[in-house]
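Thanks for coming, everyone. Let me put the structure up, and then we will walk through it piece by piece.

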Amino acid sequence: LGQNLLNILRAPAFAAYVKEGDWSEPLTLKVNHSNGDHSLLLSLVPYARDRTLLITRDLTQIEKLETTRRDFVANVSHEMRTPLTVLVGFVETLRDAPTDALSHAQRQYYFGLMHEQAQRMQALVTDLLTLSDLETSPSAELTPVNIANLIDTGRAQIEALSAGRHQWSWQIEPNLNLAGNHSELASAFSNLLTNAVRYTPDLGTIGVVWQREADGRARFSVTDT
């Protein structure tokens, strides 16, 4: 109270904004703080006879979210482009090739690859819809989830995906449960297991552990080669 604001907020851009006198548009200002850089939206509003109100809004988190969204869209576009390019390439090959240019086996091979790439795009779209639901839906009420059963269900599916190409080690504590959303937990666990299968070479080892830690918390871990 009673201090000149320009002595507290020492920013040339803010000083110029104050002296300018035309405050029809707000000023966006980058401020270096002890806990990191902040982006502030500042507006000066005259009121009464000789008073001015300074309104500030912290845009830091909004800018971070916008950056995250831009990166996310760019990454998804990149991920979609690869299978789409493969699909278009095979479709054009099958369309333009003479009837007898490709054997039945070659055609089946091409169709198999096309199906694989189409499934990849379908999985990406499913992930996008899941993310959209998580952002827009209210948080579901937490209920007790039997994690051992959840992992056991995922185990049958994931070992089928592995098709005998990997060695598995399962260490699952039977009576260690969580309060949460069953479908979302199943999705999170399944993603980790699926990644392990996809990126582990044949004959590699995948270890899955669900256990209570010394401090009472629970840990789910997937390790692979």
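**Helix by helix, then a few single residues**

Start with α6. It has 18 residues and spans 26 Å from first C-alpha to last, close to the 26 Å expected at 1.5 Å a residue. That expected span is 1.5 Å times one less than the number of residues. Helices here are DSSP runs of H or I with at least four residues, strands are runs of E with at least two, and both are numbered from the N terminus.

Some ground rules. This is a predicted model, where local features need pLDDT of at least 70, side-chain atom pairs count only at pLDDT 80 or more, and totals for chains, interfaces and linings use all residues. Residues are numbered from 1 along each chain as its sequence is written, and side-chain values use heavy atoms, with hydrogens and water left out.

Now, which residues of α6 are buried? They are L185, F189, L193, T194, A196 and V197. Buried means under 20% relative accessible area, exposed means over 50%, and partly exposed is in between, with a 1.4 Å probe and protein chains only. Look down the axis of α6: its buried residues fall within an arc of 160°, so they line one face of the helix. The arc is taken over the directions from the helix axis to the C-beta atoms. On the other side of α6, S183, R198 and Y199 are exposed.

What do the buried residues of α6 pack against? The list is β4 (143-145), α5, β5 (167-172), β6 (178-180), β7 (205-212) and β8 (218-224). Contact means heavy atoms within 4.5 Å.

Next, α5. This helix has 16 residues and reaches 21 Å from its first C-alpha to its last, close to the 22 Å expected at 1.5 Å a residue. Its buried residues are I147, A148, L150, I151, G154, I158 and S162. They pack against β4, β5, β6, α6, β7 and β8.

Now put the pair together. Two packed helices are described by the angle between their axes and the distance between the axes. For α5 (residues 147-162) and α6 (residues 182-199), the angle is about 35° and the axes are 10 Å apart. The axes are lines fitted to C-alpha atoms over the stretch in contact, and angles run from 0 to 180 degrees between N-to-C directions. The crossing of α5 and α6 is right-handed. Right-handed means that the near helix is turned clockwise from the far one by less than a right angle, and left-handed means anticlockwise.

Who makes the contact? From α5, we have I147, L150, I151, I158, L161 and S162. From α6, we have H182, L185, A186, F189, L193, T194 and V197. By class, the contact has 10 nonpolar, three polar and no charged residues. Nonpolar here is Ala, Val, Leu, Ile, Met, Phe, Trp, Tyr, Cys and Pro; charged is Asp, Glu, Lys and Arg; the others, Gly among them, are polar.

Over to α2, residues 12-20. Its buried residues are F14, A15 and Y17. Seen down the axis of α2, they fall within an arc of 160°, so they line one face. P12, K19 and E20 are exposed on the other side of α2. The cover over the buried residues of α2 includes α1 (5-8), β1, β2 and β3. Just after α2, G21 takes a positive phi of about 85°.

A48 has phi near 55°. A48 sits in the loop between β2 (36-47) and β3 (51-58), and is exposed at 64% relative accessibility. L203 has a phi of about 70°. L203 is in the loop between α6 and β7, exposed at 71%.

Last, two partly exposed residues. M80 is in helix α3 (residues 60-96), with a relative accessible area of 24%. Leaving aside neighbours within four places in sequence, M80 contacts M121, L124 and V125. L53 is in strand β3, at 41% relative accessibility. Not counting residues up to four places away in sequence, L53 touches S43, L44, V45 and Y47. The C-alpha atoms of L53 and S43 are separated by 8.1 Å, with the residues 10 apart along the chain.
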